[in-house]
Amino acid sequence: MVNRLQQIFAGLLIALGALWSVQGAGIVHLKPILCVADCTELQGASVQWLATGIGAIAVGGGLWYLARRRARNARTVSK
């Protein structure tokens with residue numbers, strides 16, 4: 001159960017990181033949704049958002065790997 005939730009969270013983090021990356025690279029332009037403070041649209045490429053997206057993808061990938069490894073080890077121990 002926990003592994004499944006971790007995989008779902010990791011998948012969402014990877015997807016969000018991918019969105020941030022393509023926005024930071026200037027490939028996709030979306031209007032702000034549910035903004036709290038400065039609600040301006042990202043204009044052009046942004047190195048900060050590109051790096052944030054790549055970081056989110058890396059963290060999500062690491063969480064995904066750990067969840068899969070933990071599930072595999074749990075199956076091995078239970079046999």
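Biologist: Where does Q6 lie?

Modeller: Q6 lies in helix 1 of this predicted model.

Biologist: Why is Q6 called buried?

Modeller: Its relative accessible area is 16%. Buried means under 20%, so Q6 is buried.

Biologist: Which residues is Q6 in contact with, leaving aside its neighbours within four places in sequence?

Modeller: Q6 is in contact with L63, L66, A67 and R70.

Biologist: What makes the link between the side chains of Q6 and R70 a polar contact?

Modeller: The side chains of Q6 and R70 are joined at 3.2 Å. A polar contact needs a pair of N or O atoms within 3.5 Å, so the value for Q6 and R70 meets that cut-off.

Biologist: Where is S21, and why does S21 count as buried?

Modeller: S21 is also placed in helix 1, which covers residues 2–24. The relative accessibility of S21 is 11%. The limit for buried is under 20%, therefore S21 counts as buried.

Biologist: Which residues does S21 touch, not counting those up to four places away in sequence?

Modeller: S21 touches W49, L50, G53, I54 and I57.

Biologist: Why is V28 called partly exposed?

Modeller: V28 has 28% relative accessibility. Buried would need under 20% and exposed over 50%; V28 falls in between, so it counts as partly exposed.

Biologist: Where is V28 placed, and what is V28 in contact with beyond its neighbours within four places in sequence?

Modeller: V28 is in the loop between helix 1 and helix 2, the latter being 47–78. Its contacts are V22 and Q23.

Biologist: What separates the C-alpha atoms of V28 and E41?

Modeller: The separation is 11 Å, for two residues 13 apart along the chain.

Conventions
Residues are numbered from 1 along each chain as its sequence is written. This is a predicted model: local features need pLDDT of at least 70, side-chain atom pairs count only at pLDDT 80 or more; totals for chains, interfaces and linings use all residues. Side-chain values use heavy atoms; hydrogens and water are left out. Helices (H or I, at least four residues) and strands (E, at least two) are DSSP runs, numbered from the N terminus. Buried means under 20% relative accessible area, exposed over 50%, partly exposed in between (1.4 Å probe, protein chains only). Contact means heavy atoms within 4.5 Å. A polar contact is a pair of N or O atoms within 3.5 Å; within protein, one must be able to donate a hydrogen and the other to accept it, and residues adjacent in sequence count only if both atoms are side-chain atoms.
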